Amino acid sequence: EMGPVYFELVDLLLQRGHSMQDPKQVAPYLIEARDTVELFKAAELRDYFRDDCVDTALSKVTKLDVVAKTTVIIYPILLPDRTELLIGLPTGLKQVSVPVGMETITQEVREFRRKLEKRTTREYLPHAQKLYDWLIRPIEPDLAAFSIDTLIFVPDGALRTIPMAALHDGKQFLIAKYAVGITPSLNLTDPRPINREGMKVLAVGVTEAVQGFPALPNVSEELHELQKLLGSTNLVDRQFLAANFEKELKEEQFSIVHVASHGEFGNDVDNTFLLTFDDKVSLDRLNQMIGVFRFRDDPLELLTLSACDTAAGDDRAALGLAGVAIKAGARSALATLWSINDEAAVDLVIDFYRELKDSSISRAAALQRAQLKLINNPRYEHPGFWSPFLMINNWL
C-alpha cells in the first residue's frame, strides 16, 4: 500500500531533475530520488520480516565510490508510463529513461522466468533479449566509458524474480561480460572483501527424503567435495538436527555456513524455512542461531543455500530470498531462485568455492567464473541450470 506513495515522490523528483538545464542542479534531485528508493527498500524488508530492527544491524554505510571503482549500481525504477534507470557511476548518479511501463516489463519478466525453468528449449531467448534492450543497452556507453566489470542491481517488483545474469545481447549472456550481484538495499550492504585467511566452513545437508520432501542424492558429493577443498565441518542427515546445527553455530566461529537442503521462500515470512533432518527452521530461528555472529569482530561472511526455491511470479518471496543475508546477519548470501537438484548445482558450487580461494577476485567474480564454466559445458549451457544462483548483498 505504501509503495505507490514512495514511487510517486521518486517520479516527481526524477521529472524535476530531468527538467533542469545545469547538471549541478540535477544531482541533488537524483540523490534524493535514490535515497527515497532506499527508504522504501528498508520499509519493504521490515514489512516482509515483520521486524522493525532488520535494517539496523548492517547500517554501517560505506560510500561505495571509495570501495569499487569498476562497479556500477543499477536501480531500475518501474513507473506506470516508463522505466527509469538510476545508475551509480564512478562520477556520480545518472538517470536514463526507457519508454516502457511497469505492466509491460512485468509481463515480459513473467514469461522470461517461466521459459527459463524449461531447460529443454530456447524459448527464453526473445525475452532475454528484450529485457536486455530495455535494462542494459541504454547504459552500455557508460559501462564502456568506465571499464566496468561488475553490475550490482537493486531490483524492484517482478525484476526480483529473474536472474539478471541470463539477459542476452544477441551474441552472449550478460554474465559473459560482467560479474553480477543483487542487493535489496545498498544502505544495508557492508562492502568489504572476504578474509581468505583461515576460512572456517560449516557444511550441513540432507540427502534422504524427509518430512515429505524428496531426497537430494547429490548433496553427499557436494559436502564431501567441500570437506576436501576447504576442510569443512560437516553435518549430514541424522547429524543435521536443528539442535546440533545451533550448537555448532554457537560454539565455533565460522566464516561460511553452507546449507545443502530444501528451503522455501514464501510470500510471507511464515512460509519461509530451511529444512533440517528433524525440523523446519524459520528465518527468525536462523537469525537467532546466526545472529550471535553480529556481536563478534568477524560476522558471518557468507551463507550459502544451495537448494532453495521461490515460487515463480511471487515478488515477495523473491524479496525474502534477497533479504535473507541481512536478516540472518551475514555479509552475503549465495542462494538460488529455483531448485536445481542435480549434478549441475554440485559442479557450480564447488567451482565457486575453488575460485573464492583466490584473494584477487570478488565473490561476484568467483560466481561469474563458476557460471561461465557451466555455460561452456554442453550439458549445462542452458541458463535454467546456472542462472538461478544469485550473489546477494556484499559482492566484494
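Helix H11, which spans residues 343–356, and helix H12, which spans residues 363–375, pack against each other with their axes 8 Å apart and at an angle of about 140°. Angles over 145 degrees would count as roughly antiparallel and those from 65 to 115 as roughly perpendicular, the rest being oblique, and H11 and H12 are therefore oblique to each other. The sense of the crossing of H11 and H12 is right-handed. On the H11 side the contact is made by Ala344, Asp347, Leu348, Asp351, Phe352, Glu355 and Leu356, while H12 contributes Arg363, Ala366, Leu367, Arg369, Ala370, Gln371, Lys373 and Leu374. Sorted by class, the residues in this contact of H11 with H12 comprise 8 nonpolar, 1 polar and 6 charged.

The model in which this packing is seen is a predicted one, and its confidence should be kept in view while reading it. Averaged over the protein, the pLDDT is 91, and 95% of the residues score at least 70. Among the elements, the lowest mean pLDDT, 52, belongs to helix H3 (residues 64–67), whereas the highest, 98, belongs to helix H5 (residues 125–135).

Helix H5 is also a place to look at burial. Its buried residues are Leu125, His127, Ala128, Leu131, Tyr132, Trp134 and Leu135, and what covers them includes the strands S1 (71–78), S2 (83–89) and S3 (92–98) together with the helices H4 (102–116) and H6 (140–145). Leaving aside residues up to four places away in sequence, Leu135 touches Pro76, Leu85, Ile105, Leu159, Met164 and Leu167. The C-alpha atom of Leu135 is separated by 33 Å from that of Ala260, a residue 125 positions apart from Leu135 along the chain.

Val201 and Val257 are 56 residues apart in sequence, yet their C-alpha atoms are 5.9 Å apart in space.

Conventions. Residues numbered from 1 in each chain as written. Predicted model: local features only at pLDDT ≥ 70, side-chain atom pairs only at ≥ 80, totals over all residues. Heavy atoms only, no water. pLDDT = per-residue confidence, 0-100. Helix = DSSP H or I, 4+ residues; strand = E, 2+ residues; numbered from the N terminus. Contact = heavy atoms within 4.5 Å. Axes fitted to C-alpha atoms, helices over the stretch in contact; angles between N-to-C directions. Parallel < 35°, antiparallel > 145°, perpendicular 65-115°, else oblique. Left-handed = near helix turned anticlockwise from the far one by under 90°. Nonpolar A, V, L, I, M, F, W, Y, C, P; charged D, E, K, R; others polar. Buried < 20%, exposed > 50% of the residue type's maximum accessible area, 1.4 Å probe, protein only.
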